[in-house]
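Open the model in a viewer and keep the sequence panel beside it. The stops below say what to select next and what is there.

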Amino acid sequence: MKDIDLRSDTLTLPTKEMRHAMYEAEVGDDVFKEDPTVNRLEELAANMLGKEAALFTASGTMSNLVAILTHTRPGDEIILGSESHTFWYEVGGASTLAGVVMRTVPNDEEGRLTPDVVEPAIRTKEIHYPETALLCLENTHSRCGGTILSPEYTSAIAELAHRRGLRVHLDGARIFNAAVALGVPASELSGAVDSVCFCLSKGLSAPVGSLLCGTQEFMDRARKWRKMMGGGMRQAGIIAAAGIIALETMVNRLAEDHATAQHLAHGLARIPGITINLDRVQTNMVVFETPTTISTLEFIKQMDALGVGLLYRGGRMVRAVTHRMVGTTDIDEALNRIELFMKDIG
Ligand SMILES: *Cc1c(COP(=O)(O)O)cnc(C)c1O
């Protein structure tokens, strides 16, 4: 029985072409900025995101942390979504390592932070208050189910933040999913923000790495923070080579993951006992509600035993993520297994 692992798009393995590029990669010492492959990846990333410069980091977590370190001083406050990845899944590094207060405000159901929640959270100048330095956004929004922030929304909220003297960082781990789904260049989604990062190791299928993009001046300071975090890698061109292939060949195919996600979502909607909001399925994530006849953790455990990998999302919610290594026939098979299981538990 084939395992159909829908836990995450991070499970995608590097392609043959990536491994070949890694083998052949021209390398040097990147701490001296002498790795031509890393330099090429950073230039490519900056161009695609419409920024002056980029920095190759070990992970999305490191990119977000370096961005926060660079935008703030210890004791500052940052505003971020109550459902944001940075708040939930980055081990609280913004507080521990950057020394900032994380002020969460509620995300709406599609991952936005609306002006009516952002504006009142911005501190005025007052002796008792920390200074609000940064607004953090996320596109696509992971905990909200891969939902998309539009260019119009992003510009409007960034304009508000800038007007109040804040900088804006966009966690664009899956920004290319948003760009492909909207049919716009990624730079249209990042034009209004001061910094943006994205992951190579998710749907884009590279084995390692993320890029942080922004102005040259910002990146010169970010590079030093990356060094302090222990992220100054030497012949990193070995892994950057796969990232170049990812950016050159893997972006447009994300549309296939969106199609399989739609296929999965519509299939789930037809299974009695499963509840799903199809409007929320906008990219490669499918979040659905399990029936009350079984605990959600037990549902996931049983599905795992039946060869369908899912992830717990809190409450009765489960998430499935489509990616390069699951095709339409795999989705059909997963749907069969879920449907049979649901019949079994009545
Ligand atoms: C995955 C992810 C990250 C972190 O990336 P890692 O490479 O796993 O550290 C950050 N933000 C979002 C929205 C993500 O989905």
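## Salt bridges

The model is a predicted one, and a search of the whole structure finds 18 salt bridges in it.

Select Arg 174 and Asp 9. Their side chains form a salt bridge, with N and O 2.8 Å apart. Arg 174 sits in the loop between β6 (167–171) and α8 (175–182), and Asp 9 in the loop between β1 (4–5) and α1 (16–24), so this pair ties together parts that are 165 residues apart in sequence. Are the two partners buried or exposed? Arg 174 counts as buried at 5% relative accessibility, and Asp 9 is buried as well, at 0%.

Next, select Arg 103 and Glu 77. The closest N and O atoms of this salt bridge are 3.3 Å apart. Arg 103 belongs to strand β4 (residues 101–105) and Glu 77 to strand β3 (residues 77–81); the pair links distant parts of the chain, 26 residues apart. Arg 103 is partly exposed, at 27% relative accessibility, whereas Glu 77 is buried, with a relative accessible area of 2%.

Now go to Arg 280 and Glu 109, whose side chains meet in a salt bridge with an N to O distance of 3.3 Å. Arg 280 is in the loop between β9 (275–276) and β10 (285–289), and Glu 109 is in the loop between β4 and α6 (115–121), so the pair ties together parts that are 171 residues apart in sequence. Arg 280 is partly exposed, with a relative accessible area of 21%. Glu 109 counts as exposed, at 58%.

## A loop residue: Glu 131

Select Glu 131, in the loop between α6 and β5 (132–138). Glu 131 counts as partly exposed, at 44% relative accessibility. Which residues does Glu 131 contact, leaving aside its neighbours within four places in sequence? Show Gly 75, Asp 76, Glu 77 and Lys 125. Glu 77 is the residue already seen in the salt bridge with Arg 103. For a view across the model, select Val 326 together with Glu 131: their C-alpha atoms are 46 Å apart in space, and the residues are 195 apart in sequence.

## Two helices

Colour helix α11 (residues 237–249). At 1.5 Å a residue, the 13 residues of α11 should span 18 Å, and the end C-alpha atoms are 18 Å apart, which agrees. Ten of the 13 residues are buried, so α11 is largely enclosed by the rest of the structure. The buried residues are Gly 237, Ile 239, Ala 240, Ala 241, Ala 242, Gly 243, Ile 244, Ile 245, Ala 246 and Leu 247. To see what covers them, show α1, α2 (36–49), β2 (53–57), α8 and β7 (195–199), which are included in the cover.

Move on to helix α12 (residues 254–269). This helix has 16 residues and reaches 23 Å from its first C-alpha to its last, close to the 22 Å expected at 1.5 Å a residue. Select its buried residues: Leu 254, Asp 257, His 258, Thr 260, Ala 261, Leu 264, Ala 265, Gly 267 and Leu 268. An α-helix has 3.6 residues a turn, so residues three or four places apart point the same way. The buried residues of α12 pack against α8, β9, β10, β13 (317–321) and α14 (328–345).

## A surface patch

Together, Phe 87, Trp 88 and Tyr 89 make a nonpolar patch of about 290 Å². Phe 87 lies in helix α4 (residues 85–89), and its relative accessible area of 37% makes it partly exposed.

## Cysteines

How many disulfides does a search of the whole structure find? The search returns zero. Cys 144 counts as buried, at 12% relative accessibility. Then select Cys 213 and Cys 197. Cys 213 is in no disulfide, and its nearest cysteine sulfur, that of Cys 197, is 8.3 Å away. Cys 213 is buried, with a relative accessible area of 0%.

Notes:
Residues numbered from 1 in each chain as written. Predicted model: local features only at pLDDT ≥ 70, side-chain atom pairs only at ≥ 80, totals over all residues. Heavy atoms only, no water. Patch = residues over 30% accessible without salt bridge, like charges linked within 9 Å, V, L, I, M, F, W, Y side chains within 5 Å. Areas by Shrake-Rupley, 256 points an atom, 1.4 Å probe, with all protein chains shown as cover. Salt bridge = Lys/Arg side-chain N within 4 Å of Asp/Glu carboxyl O. Helix = DSSP H or I, 4+ residues; strand = E, 2+ residues; numbered from the N terminus. Buried < 20%, exposed > 50% of the residue type's maximum accessible area, 1.4 Å probe, protein only. Expected span 1.5 Å × (residues − 1). Contact = heavy atoms within 4.5 Å. Disulfide = S-S within 2.5 Å.
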